[in-house]
Amino acid sequence: MRALLLSGCLALVLLTQQAAAQTLLVVGDSISAALGLDTSQGWVALLQKRLADEGYDYRVVNASISGDTSAGGLAPAQLQQNLASMAQKARAEGAKVLLLGIQLPPNYGPRYIEAFSRVYGAVAAQEKTALVPFFLEGVGGVQGMMQADGIHPALAAQPRLLENVWPTLKPLL
């Protein structure tokens, strides 16, 4: 079995090979679940369309769950351990791993932000995975790109999220 794991924003994508078509499974949190939007409008649905448009024989399944934050906690050490464990398990099944990193807003405090920001690079280096350093680049904190809650990307942001992932994902396909 060949697989691809895409993880970040506490999102995980697993790609498996079955018959002619391959399956890209996205397991993540509310950002990949397209909270506040119809799932057909989210970046994961746009990924399915992009794959088809570019001739890739993949079926994308979005199994993301709002509130699924790496075993219910965001302590940097625990997050790092969880992401590393997911990467190891995926690689044991023949996966290629792509980690999608996030950055936190300043209200979390400098010490926590610094510890958190090191997690994605550390996991990528330790597990020898590809990395998108900031999945929400051009989205987080940008007026019109976030929903009213200031946490979840708006409809207008979904194409940008895909564009942030695509250049690093495409070579892994």
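Q: Which side chains meet in a salt bridge at 2.6 Å, N to O?
A: Arg 91 and Glu 127. A salt bridge here is a side-chain nitrogen of Lys or Arg within 4 Å of a carboxyl oxygen of Asp or Glu. Arg 91 sits in helix α2 (residues 76-92) and Glu 127 in helix α3, 36 residues apart. Helices are DSSP runs of H or I, at least four residues, numbered from the N terminus.

Q: What kind of model is this?
A: This is a predicted model: local features need pLDDT of at least 70, side-chain atom pairs count only at pLDDT 80 or more, and totals for chains, interfaces and linings use all residues. Residues are numbered from 1 along each chain as its sequence is written, and side-chain values use heavy atoms, with hydrogens and water left out.

Q: Back to the pair. Is Glu 127 buried or exposed?
A: Buried, at 4% relative accessibility. Arg 91 is partly exposed at 37%. Buried means under 20% relative accessible area, exposed over 50%, partly exposed in between (1.4 Å probe, protein chains only).

Q: Where is the kink in α3 centred?
A: On Val 119, with a bend of about 25°. The bend is the angle between axes fitted to the seven residues ending there and the seven starting there. Val 119 is also one of the buried residues of α3.

Q: What comes just after α3?
A: Lys 128, with a positive phi of about 55°.

Q: How many salt bridges in total?
A: Six. One of them joins Glu 163 and Arg 50, closest N and O atoms 2.1 Å apart. Glu 163 is in helix α4 and Arg 50 in helix α1, 113 residues apart.

Definitions and conventions:
Helices (H or I, at least four residues) and strands (E, at least two) are DSSP runs, numbered from the N terminus.
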